[in-house]
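Hi,

Here is the structure I promised to pass on to you. Have a look at it first, and my notes on what turned up follow just below.

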Amino acid sequence: MRRLAKERSAFSRRALLIGLGQGAVFAGIAARLYNLQVTQHSKYAMLAEQNSISERLVAPERGLITDRFGTILAGNQQHWRALFMQALAPEPQAVLENFYKLVPLSDDEKARIAQDLQDRPGYIPVLLKDWLDWPDMAAIEVNTPNLPGIVVEAGASRVYPLGPVTAHAVGYVGRPNQDEAKSDPVLALPGMRVGRTGAEDAQDGALRGAPGFVQTETNVHGEVVREVAHDNGTPGQTVTLGLDAGLQQLAVQSLGDNAGAVVMLDATNGEILALASTPAFDPSLFDKGVPADVWKGWMADVKHPLQNKATSGLFAPGSTFKPTVALAAMKAGALTGDTILTCPGSFKLGDHVFWCDNHVAHGSINVTQALTVSCDVFFYQVALMVGIDKIADMASELGLGVDLGSDLPHVSTGLVPTLAWAHSKGIHWAQGSTVVQGIGQGYTQLTPLALATMVARIATGNAVGPHITRRVGGALQTGSDPDDWPAVDVDDRHLAVIRQAMFDVVNTPQGTAYASRLQLPNAQMAGKTGTAQVHNNTAAEKQKNFNDMTMAWEDRPNALFVAFGPYDNPRYAIAVVVEHGNFGAQAAAPIAQAMMTYAIQHDPAGRDTPLTQPLQSTTPALPVNNT
Amino acid sequence: MMRDNSLARRRPFRDQSFGVMRKLARVNWLFVLCVCLLAGVGYTALYSAAGGSPEPYAQGQLYRFIGMLVMMLGIAMVDIRFIAKLSWPAYGVGILLLVVVMVAGHTGLGAKRWIDLGPIEIQPSELIKLFLAMALAYYFKRATPEQTGSPIFVLPMAVAVLIPVGLILKEPNLGTAVITGTIGAVVMLGAGVRWWWFAIIAAVIAVSAPVLYHHLHDYQRARIDTFLNPGADPLGAGYNIIQSKIALGSGGFFGQGYLRGTQNQLNFLPEKQTDFVFTIIAEEFGYLGSLAALGLLFSIVALALYTAVTCSHAYGRLVALGIATNFFLYCFVNLSMVMGLIPVGGVPIPLISYGGSALTAVMLGFGVLQSIHVHRDVTFASPDHL
């Protein structure tokens, strides 16, 4: 018992000592806290005030657009730009005034900046000036102390290596407008671009990517002390188009100075291999801002460089419409391959006389011969036998006058008239209108894209739809497999008759496009010429000899040609329109011949170079010399 | 000084077990009140850390605390003699868990520390501190002064301390390893082991520290380096210390006002809801708030030591001393770290910091502490110690 008590008192002594020690430590902590919190308060309070970590979002790099073999059609180039973080500036207005003294800006720009500063939250910087040159950069760097909140950073702008060649197919990007910037804050970031036309628009979502951020520590003067964290965000995906850069260049080259359009499709799946519209423009101008004089020039140009004639240019198809009329008649049972009709050189309906081309009498001919020599009188009679509604039915089966569901933006549907349409428009449908419908004149208006689709469907029997995207981020898109497309609801035997006739057009001496037959040992092209009046087709005008080089350019007929090849195993379908090119056989068919020859020789369809690694797109930043 | 007869008089139950109601009455309710007040301070700070919202920290922590409080009172009802019997098995399980985390524990922040037990994650290194104190207390509870003066008697316990310390160092968790070693030393000191032995060991460590330094992990070395010179890398590990000091210093005497601390609300301190939670109180309530929190923390330490001193049996005294020391070391290491006095060590401040592991371990210890307090007058089986 005694020992226990002694032991206990010994413990109490030690515990007390330990407790006192711990109490002393707490007292020490309290003293240290007093020193920090009270004695040194003013020092730390000032530090706290100066302390500022700001976060701002940075635009992700826009995805690349390449052709099917990896040629870059749209990439990014770095440049320097000045941004303003208003949250970091004690007096934003004074800072802006200082900046304007160093880097003069137009009043419009100043108004835009004032608007942006008002609209945008603090973590989104406002763009002051893109494409800084050396003197601007130097002036900003030297005057940094007077410019709190102003940051110079590298940004990317969109470049198109092939320039005008792909302007319409690839499209261009522009700065988001105020409404877009308000609806999606990410779009308010300097450097963000929105696809406006072509593939840039079609795949805008995939190309955009997700924004990153930069965290910087700034001192009380708003000067950036250091970068705390940096995340570049997720770059947009690479979009691989069905285009073949070689074919595309050839198409633009072949069109030359003409206003016109060329569309070449993979006939088995509808992939767009070439889509050209001339004249074109430099698409990179839209990123930097189009100079006023350039814009005025475009607006004044009668050849409408900004219009994508391939997808939204509407043309009377002329004789290229005849295969559709023939197929409609065969489906209706009004025509067979053996039906013989007579062409005396003209066709009389009531008081009107409808002439055959050049007033030539073709005599008694079947549908194959009629297509080969492009007899008009034969098709006047066929059209009357079938009626326009059945022609329109067949046209829509072949992709004419309907929404093709293309991924490209701004595609015109075109028009193939029906009685219901005429009724809705209050048009009195005369039989004469049906007659000219037989040769693709009158109300019918179609795009080159639709014509190419039609010939692809005739060639393969696949109801393909034209589309430009082949892969997104390396993943093959639906539609690139021929099995993705249903068969057209047209009898194979009828299609065979038409294909044979189109073969004869190009490969028999009496065919209208014999001069443009392929000079290849094992492959032939089949096609159909078209020469379409540009004025409203009236019987009176039809009587005149309108194929006249003496006419004013804008009065001359459009030259058209549609074709597919190789004939034995159709893979490529093409539609060529040369505005005011006079004869389809002379102006349009040679372009198709060149394109088809290239296509068959290089055979790009069904092949591509899938991305194995991300392409390095951005070229290094160098200030441009704006002066 | 206690007299034997008075001891006998004040021991109403001797060896019979008492009823739950009477046991509850013997709980140190002042201690429980302090614990609850401290948890209230934690709720206040975590509410502020979330920018003035019970989510995502304060509410969850409150529920966890209530659960742990019930557990604590439950353990307090268990006879301390039964708990004492579990000392060495618990120590064995603790060592086993440490080995398990080494082998299978998942990696967080480059250090393997956690083990997943369904809804709660537990750091075995937190548990082993309590189990080590219990094991040492069980070993020394019958020790005579002659025995505690004998190196042969003490040496096995030195090994029992060094095994978990080594395993925790291996995790690696320098802070907890040092705390564990210190708890072992304090319990042994309380048991009567000669104080100058510890002085010699401390001297040896001081001499060998430079050698050990070279065997530390890079990140541990970086922590010591930034402690020695925090200005060298203001946005690396030293960033936390600078921002933490700014938070404390900008608080002033009266503070910036609740939910108005710029350092806290502007998120200059990463993970401020865990290790740096004290800065929120200091910044928003100033030196007055700091002192109040310090007072509560020290009250808990003092009340735990009071339990140790008033306990009639050596086992309870030593375990209570270990638990008091553990809590004290948590506070000391965390506060020193927050003030930039010692390297950042990943040691939370118990009952205030967000997180379940430290809370679980601390409340488990408080349960044992209250069991000691409730059963402070029981006799252990051996008449030798009556």
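In chain A, β3(A) pairs with strand β5 (residues 150-159) in the antiparallel sense over 10 bridges. Two strands count as paired if DSSP finds at least two bridges between them, and helices (H or I, at least four residues) and strands (E, at least two) are DSSP runs, numbered from the N terminus. Before going further: this is a predicted model, where local features need pLDDT of at least 70 and side-chain atom pairs count only at pLDDT 80 or more, while totals for chains, interfaces and linings use all residues. Residues are numbered from 1 along each chain as its sequence is written, and chains are lettered from A and ligands numbered from 1 in the order in which they are written.

Back to β3(A), which also pairs with strand β4 (residues 126-129) of chain A, antiparallel over 3 bridges. Ala82(A) has Val152(A) as its bridge partner in β5(A) and Lys129(A) as its bridge partner in β4(A). Strand β2 (residues 65-66) of chain A pairs with β3(A) as well, in the antiparallel sense over 2 bridges, and there Ile65(A) stands opposite Ala74(A). β2(A) and β3(A) form a hairpin with 5 residues between them, and Gly70(A) in the turn has a positive phi of about 90 degrees.

Strand β3 (residues 72-84) of chain A has 10 of its 13 residues buried, so it is largely enclosed by the rest of the structure. Buried here means that 20 or more other C-beta atoms, placed from the backbone, lie within 10 Å of the residue's own. Across chain A, buried residues make up 48% of the 627 residues, and the chain has 23 helices and 21 strands.

**Where the two chains touch**

The contact takes 36 residues from chain A and 39 residues from chain B; residues are in contact if their C-beta atoms, placed from the backbone, lie within 7 Å. On the side of chain B that touches chain A, α15(B) gives the most, with 12 residues. By class, that side has 25 nonpolar, 11 polar and 3 charged residues (nonpolar: Ala, Val, Leu, Ile, Met, Phe, Trp, Tyr, Cys and Pro; charged: Asp, Glu, Lys and Arg; polar: the others, Gly among them).

**A helix pair in chain B**

The contact between α7(B) and α17(B) includes Leu127(B) and Leu130(B) of α7(B), and Ala361(B) and Leu364(B) of α17(B). Its residues divide into 6 nonpolar, 2 polar and 1 charged.

Best wishes

How values were computed. A residue is buried if 20 or more other C-beta atoms lie within 10 Å of its own, exposed if 12 or fewer, and partly exposed in between; C-beta atoms are placed from the backbone. Two residues are in contact if their C-beta atoms, placed from the backbone, lie within 7 Å.
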